[in-house]
Amino acid sequence: MPTALLTDHERTAVQAYLRLLHTVRASLDAPPGSHRPPVVPPSVLAEAEQALERAGLTGNEEEFFRLLRGWCPEP
């Protein structure tokens, strides 16, 4: 499967989304019984939102996830 060729802004948006995804996963993987709510730093959310906006993908999730699948295809 060929990979998608992304613009710099699209690549930045995909990378910011992946950082956000990893941050959320890490926050949800708290040890059992810790009773701490998952925390995602506002800066991580803001980075993803800004990157999507610069790439022209705000409100266009279908296009964004198409790019994501092309750049990081599932095995």
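Reader: Start with the core. Which residues have the most contacts inside the largest nonpolar core?
Author: Ala13, Val14, Leu57 and Phe64. That core has 13 residues. Keep in mind that this is a predicted model.

Reader: Which elements give two or more residues to this core?
Author: There are three of them: α1 (8-28), α2 (42-54) and α3 (61-71).

Reader: And which one gives the most?
Author: α1, with four residues.

Reader: Switching topic. What's the overall makeup of the chain? How many helices and strands?
Author: Three helices, zero strands. From the N terminus on, the order is α-α-α.

Reader: How much of the chain is buried?
Author: Buried residues make up 21% of the 75 residues.

Reader: And the contacts with a separation of 6 or more: what share comes from residues 24 or more positions apart?
Author: 70% of them.

Reader: Now helix packing. How do the axes of α1 and α2 cross?
Author: They come within 8 Å and cross at roughly 155 degrees. Angles over 145 count as roughly antiparallel, so that is what α1 and α2 are to each other.

Reader: Left-handed or right-handed crossing?
Author: The crossing of α1 and α2 is left-handed.

Reader: Which residues make the contact?
Author: From α1: His9, Thr12, Ala13, Ala16, Arg19, Leu20 and Thr23. From α2: Val44, Leu45, Glu47, Ala48, Ala51, Leu52 and Arg54. Ala13 and Leu52 are both touched by Leu57 as well.

Reader: One more residue: Glu10. Where is it?
Author: In helix α1.

Reader: What lies 2.9 Å from a polar atom of the Glu10 side chain?
Author: The backbone nitrogen of Thr7.

Reader: And what does Glu10 touch, not counting residues up to four places away in sequence?
Author: Leu5, Ala55 and Leu67. Leu67 turns up among the contacts of Leu57 too.

Definitions and conventions: Residues numbered from 1 in each chain as written. Predicted model: local features only at pLDDT ≥ 70, side-chain atom pairs only at ≥ 80, totals over all residues. Heavy atoms only, no water. Core = buried A, V, L, I, M, F, W, Y, C linked by side-chain atoms within 4.5 Å. Buried < 20%, exposed > 50% of the residue type's maximum accessible area, 1.4 Å probe, protein only. Contact = heavy atoms within 4.5 Å. Polar contact = N/O pair within 3.5 Å; in protein donor to acceptor, adjacent residues only side chain to side chain. Axes fitted to C-alpha atoms, helices over the stretch in contact; angles between N-to-C directions. Parallel < 35°, antiparallel > 145°, perpendicular 65-115°, else oblique. Left-handed = near helix turned anticlockwise from the far one by under 90°.
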